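Please look over the sequence and the model shown below before reading on. The report that comes after them goes through selected features, one topic at a time.

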Amino acid sequence: MKSQNRGQIRIIEAFLAALIIFSSFAVSSNLSVRQNVNKSEDLASIGLQALVKLDSDGSLSKYIDCGNWTALRDALNIVLPAGICFNLTVYNDQMQQVNTAVISNGGFGSQQIAFVQYICASQSMVFRCYIIHLHLAVAT
Amino acid sequence: MKKRQRKFRANSSGQLLIVAALAIAILISSTAIYVYELSKETNSEDYSAISNFVLALKQSTRNAMISSLANVSNGGKKNVLAANLNRLSQVFRSINNLGICQLAFTPLSDSNYDSGTWLSWNISDMGVSSAYANFTLELYGMAMNVTLNYAVNVTTAITLNGYFTKLSGNEKLVNLTCNVYNKGEPGLAKNMTFFYERLGSWLPVDLSDNLSIMDYGNGTCRVSFTISTPSNAVQVSAHIYDVRDIFVQANTTCYEI
């Protein structure tokens with residue numbers, strides 16, 4: 001009876017050891033996913049704050065009203081930290097694309113792409129609403 | 001010898017059980033801590049996304065208020081403010097990836113404000129163009145529901161005062177001090193035009209009147225010009241566009257010193 005019990009305990013020990021190993025794998029894989037999600041959300045936050053900063057004095061809507069896409073790209077290049085690639089698309093409130101030129105500073109090499117949607121209201125006498133889609137990635 | 005080994009094994013199997021129990025306890029507690037930390041992290045991320053969204057929304061409502069005030073102060077209808085805010089609210093309702101977004105607004109109406117705007121240009125020495133509205137944001141998201149009340153006030157005001165000194169005959173040198181304010185803080189003017197009253201009609205002051213404007217860049221500017229009028233009290237009017245295209249005007253009476 002005692003020798004039979006000892007065998008069962010060994011099986012339970014083995015089961016527990018397997019459980020510990022598998023759970024450690026599960027936990028570590030989750031942790032890595034979590035970090036990636038955080039990076040993407042940080043990037044989105046940086047992008048949104050850059051757009052808010054440009055919009056605070058009305059310059060964002062002025063660039064769009066004038067169709068000055070080069071100035072808008074340069075302004076974003078200045079406001080965003082170095083090493084971040086972006087691609088910006090401007091839509092009107094009917095979701096028709098407004099920008100006639102590509103507003104981007106390069107190709108996206110990273111797998112981590114953050115997306116920011118921003119609603120830009122103009123300060124000009126003729127009120128306009130633009131919907132801005134900004135894609136961001138860390139340059140590789 | 002064999003008997004002693006068997007006794008040792010029997011003794012150590014109890015210890016093994018204790019170690020196994022300890023390992024299980026550690027495993028359970030670490031899992032519990034991990035789950036707790038994870039839920040805390042998710043909450044902070046949700047808060048961050050929502051606070052960023054609110055920041056952007058407040059910026060957009062402020063821009064809409066500036067646009068409306070610029071329109072109304074330049075001769076637009078008073079209902080422009082409500083129309084613009086309605087349009088903005090519709091855009092926010094139609095596209096929001098955080099959840100259902102309801103932006104309600106109430107333009108201020110009191111003794112000064114009418115439909116959210118206040119244009120006071122006839123008080124002596126001072127002019128005010130202002131817009132004020134209260135907002136209620138209701139955000140129904142997957143993670144949480146948010147209700148937020150806030151107010152947006154956009155105001156451009158100027159003060160104008162001055163005096164004149166007699167030159168020869170009816171010729172007078174008028175000196176004015178004009179201060180521009182945005183919500184009580186010094187503001188910047190983009191364009192200034194001055195007028196004076198002569199025999200019941202308002203005449204613009206131009207370079208032929210030796211107009212000199214010294215803008216100090218801190219909201220204060222000193223203006224001087226020469227006019228010819230028989231009156232002993234000179235009515236002067238300043239028409240100013242601030243950097244946001246909001247128009248405001250003020251009148252003052254200058255006397256000889």
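## Basis of the model

This is a predicted model, in which local features need pLDDT of at least 70 and side-chain atom pairs count only at pLDDT 80 or more, while totals for chains, interfaces and linings use all residues. Residues are numbered from 1 along each chain as its sequence is written, chains are lettered from A and ligands numbered from 1 in the order in which they are written, and side-chain values use heavy atoms, with hydrogens and water left out.

## Chain A and its surface patch

Chain A contains 3 helices and 4 strands, where helices (H or I, at least four residues) and strands (E, at least two) are DSSP runs numbered from the N terminus. Along the sequence these elements follow the pattern α-α-α-β-β-β-β. Of the 140 residues in chain A, 37% count as buried; buried means under 20% relative accessible area, exposed means over 50%, and partly exposed lies in between, with a 1.4 Å probe and protein chains only.

On the surface, A:Ile21, A:Phe22 and A:Phe25 form a nonpolar patch, and together they have about 370 Å² of accessible area. Patches are made of residues with over 30% relative accessible area and no salt bridge, with like charges joined within 9 Å and nonpolar side chains (Val, Leu, Ile, Met, Phe, Trp, Tyr) joined within 5 Å. The accessible areas come from the Shrake-Rupley method with a 1.4 Å probe, and for residues only the protein chains shown count as cover. A:Phe22 belongs to helix H1 (residues 2-56) of chain A, and A:Phe22 counts as exposed because its relative accessibility is 61%.

## Salt bridges

Side chains of opposite charge can pair when their charged atoms come close. A search of the whole structure finds 5 salt bridges over all chains, a salt bridge being a side-chain nitrogen of Lys or Arg within 4 Å of a carboxyl oxygen of Asp or Glu. One of them joins A:Asp93 to B:Arg87, with the closest N and O atoms 3.1 Å apart. This pair crosses between chains, from A:Asp93 in the loop between strand S1 (84-92) and strand S2 (103-104) of chain A to B:Arg87 in helix H2 (residues 80-94) of chain B. A:Asp93 is partly exposed at 25% relative accessibility, and B:Arg87 is also partly exposed, with a relative accessible area of 30%.

Within chain A, the side chains of A:Asp74 and A:Arg73 meet in a salt bridge at 3.6 Å, N to O. A:Asp74 is partly exposed at 36% relative accessibility, and A:Arg73 is partly exposed at 30%. In chain B, a salt bridge links the side chains of B:Asp242 and B:Arg244 at 3.3 Å, N to O; here B:Asp242 counts as buried at 0% relative accessibility, and B:Arg244 counts as buried at 14%.

## The cavity

How many cavities of 30 Å³ or more does a search of the whole structure find? The search finds 1, and the largest cavity has a volume of about 40 Å³. On a 1 Å grid over the protein atoms alone, a cavity is a set of points where a 1.4 Å probe fits but cannot get out, and lining residues have an atom within 4 Å of a point. Grid points are joined across faces, edges and corners, and a volume is the space filled by probe spheres set on the points.

The lining of the largest cavity includes B:Cys178, B:Leu188, B:Met192, B:Asp215 and B:Thr220. Strand S5 (171-182), strand S7 (189-198) and strand S10 (220-228) of chain B are the elements that give two or more residues to this lining.

B:Leu57 lies in helix H1 (residues 2-73) of chain B and counts as buried at 0% relative accessibility. The C-alpha atoms of B:Leu57 and B:Leu137 are separated by 9.3 Å, although these residues are 80 apart along the chain.

B:Ser115 has a phi near 55°, a positive value in a residue other than glycine, and its place is in the loop between strand S1 (99-107) and strand S2 (117-120) of chain B. B:Lys183, which is not a glycine either, has a positive phi of about 50°, and B:Lys183 is exposed, with a relative accessible area of 53%.

Terms used. 1 Å grid on protein atoms, 1.4 Å probe; cavity = no way out; pocket = protein on both sides within 12 Å on 5 of 7 lines; lining within 4 Å.
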